[in-house]
Amino acid sequence: MALEAMVRDVVEFVREHQVWAAPIVGALAFGESLAFVSLVIPAWSALIGIGAMVGASDIKFWPVWVAAALGAALGDWLSYWFGYTFKGSVKRMWPLSRYPEMLPRAERFVSKWGVPGIFIGRFFGPLRAAVPLVAGIFEMPYWHFQIANFSSAFVWSATLLLFGDALSRIAAWFFAMI
């Protein structure tokens with residue numbers, strides 16, 4: 001319940017202070033993509049909620065989209081760096097130590113899919129933040145990782161924001177009909 005209240009509060013804040021939409025969305029996407037933070041505070045629902053406001057308000061899509069994409073890419077880049085720097089000791093760190101199955105699952109995923117797995121992993125919940133961490137641990141080539149990271153961040157953020165916008169348009173249409 002506390003998570004739902006947080007999402008509601010964030011979306012309501014953005015509704016009241018639209019000038020803060022891009023920085024808040026960037027911070028949410030950064031946290032959603034950061035290995036440790038995303039396990040504690042998943043922010044994707046707030047991103048969808050803010051996406052719903054984009055079409056129904058004066059909030060411009062482009063700045064919010066770019067902020068979300070850059071925030072997500074920076075979160076993944078930092079997760080990659082963390083994995084690259086701390087390698088094997090990462091699994092003993094909190095909160096990953098509370099989810100012992102996560103890293104082996106991400107390792108299997110990265111081993112199977114390689115660089116395309118960075119793109120694919122962005123769209124799957126807990127893998128979203130664990131895959132870049134494992135890519136760093138495995139020392140995936142830096143530029144291969146970054147190309148997949150940034151391209152997937154732009155697609156992922158557009159998907160969430162446009163999904164929220166589509167939901168709000170469907171809801172508006174539905175309620176206009178009744």
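**Helix H2 passes helix H5 in a right-handed crossing.** Welcome to the first close-up of this predicted model, in which local features need pLDDT of at least 70, side-chain atom pairs count only at pLDDT 80 or more, and totals for chains, interfaces and linings use all residues. Residues are numbered from 1 along each chain as its sequence is written, and side-chain values use heavy atoms, with hydrogens and water left out. Helices are DSSP runs (H or I, at least four residues; strands are E, at least two), numbered from the N terminus. Right-handed means that the near helix is turned clockwise from the far one by less than a right angle, left-handed that the turn is anticlockwise. The axes of H2 and H5 come within 7 Å and cross at roughly 30° (axes are lines fitted to C-alpha atoms, for helices over the stretch in contact, and angles run from 0 to 180 degrees between N-to-C directions). The two helices are therefore roughly parallel to each other (under 35 degrees; over 145 is roughly antiparallel, 65 to 115 roughly perpendicular, and the rest oblique). On the H2 side, look for Ala21, Ala22, Val25, Gly26, Ala29, Phe30 and Ser33. They meet a set of H5 residues that includes Pro63, Val64, Ala67, Ala68, Gly71 and Ala72. By class, this contact of H2 with H5 has twelve nonpolar, five polar and one charged residues (Ala, Val, Leu, Ile, Met, Phe, Trp, Tyr, Cys and Pro count as nonpolar, Asp, Glu, Lys and Arg as charged, and the others, Gly among them, as polar).

**Zooming in on Ala29, we find it in helix H2.** Is Ala29 buried or exposed? At 0% relative accessibility, Ala29 counts as buried (under 20% relative accessible area; exposed is over 50% and partly exposed lies in between, with a 1.4 Å probe and protein chains only). Leaving aside neighbours within four places in sequence, Ala29 is in contact (heavy atoms within 4.5 Å) with Leu47, Ala68, Gly71, Ala72 and Trp156. Trp173 sits 144 residues from Ala29 along the chain, and 29 Å separate their C-alpha atoms.

**Helix H2 also packs with helix H4, at an angle of about 150°.** The axes of this pair are 9 Å apart. That angle makes H2 roughly antiparallel to H4, and their crossing is left-handed. Ile24, Val25, Leu28, Ala29 and Glu32 of H2 make the contact with Trp44, Ala46, Leu47 and Ile50 of H4. Sorted by class, the residues here divide into eight nonpolar, no polar and one charged.

**The largest nonpolar core has 28 residues.** Such a core is a set of buried Ala, Val, Leu, Ile, Met, Phe, Trp, Tyr and Cys residues joined through side-chain atoms within 4.5 Å. Which residues have the most contacts inside this core? They are Val14, Leu28, Leu47, Ile50 and Ile59. Helices H1 (2-16), H2 (21-33), H4 (44-56), H5 and H9 each give two or more residues to the core. Val14 touches Ala21, Ile24, Ile50, Met53 and Ile59, not counting residues up to four places away in sequence. There is also a second, separate core of 23 residues, which includes Val110, Leu127, Val131 and Ile137.

**Ala106 is found in helix H6, residues 102-113.** With a relative accessible area of 0%, Ala106 is buried. Which partners does it touch, leaving aside neighbours within four places in sequence? Ala106 is in contact with Leu127, Ala130, Val131 and Val134. Trp143 is 37 residues away from Ala106 along the chain, with 20 Å between the C-alpha atoms.

**Helix H5 (residues 61-86) meets helix H8 (residues 127-137), and their axes come within 6 Å.** The axes cross at roughly 40°, which makes H5 oblique to H8. H5 passes H8 in a right-handed crossing. From H5, the contact uses Asp76, Ser79, Tyr80, Phe82, Gly83 and Tyr84. From H8, it uses Arg128, Ala129, Pro132, Leu133, Ala135, Gly136 and Ile137. The class count for this contact is eight nonpolar, three polar and two charged residues.

**Glu139 lies in the loop between H8 and H9.** Its phi is near 60°, a positive value in a residue other than glycine. Glu139 is partly exposed, with a relative accessible area of 44%.

**Our last stop is Leu162, placed in helix H9 (residues 142-177).** Leu162 is partly exposed, at 44% relative accessible area. How far apart are the C-alpha atoms of Leu162 and Ala52? They are separated by 7.7 Å, although the two residues are 110 residues apart along the chain.
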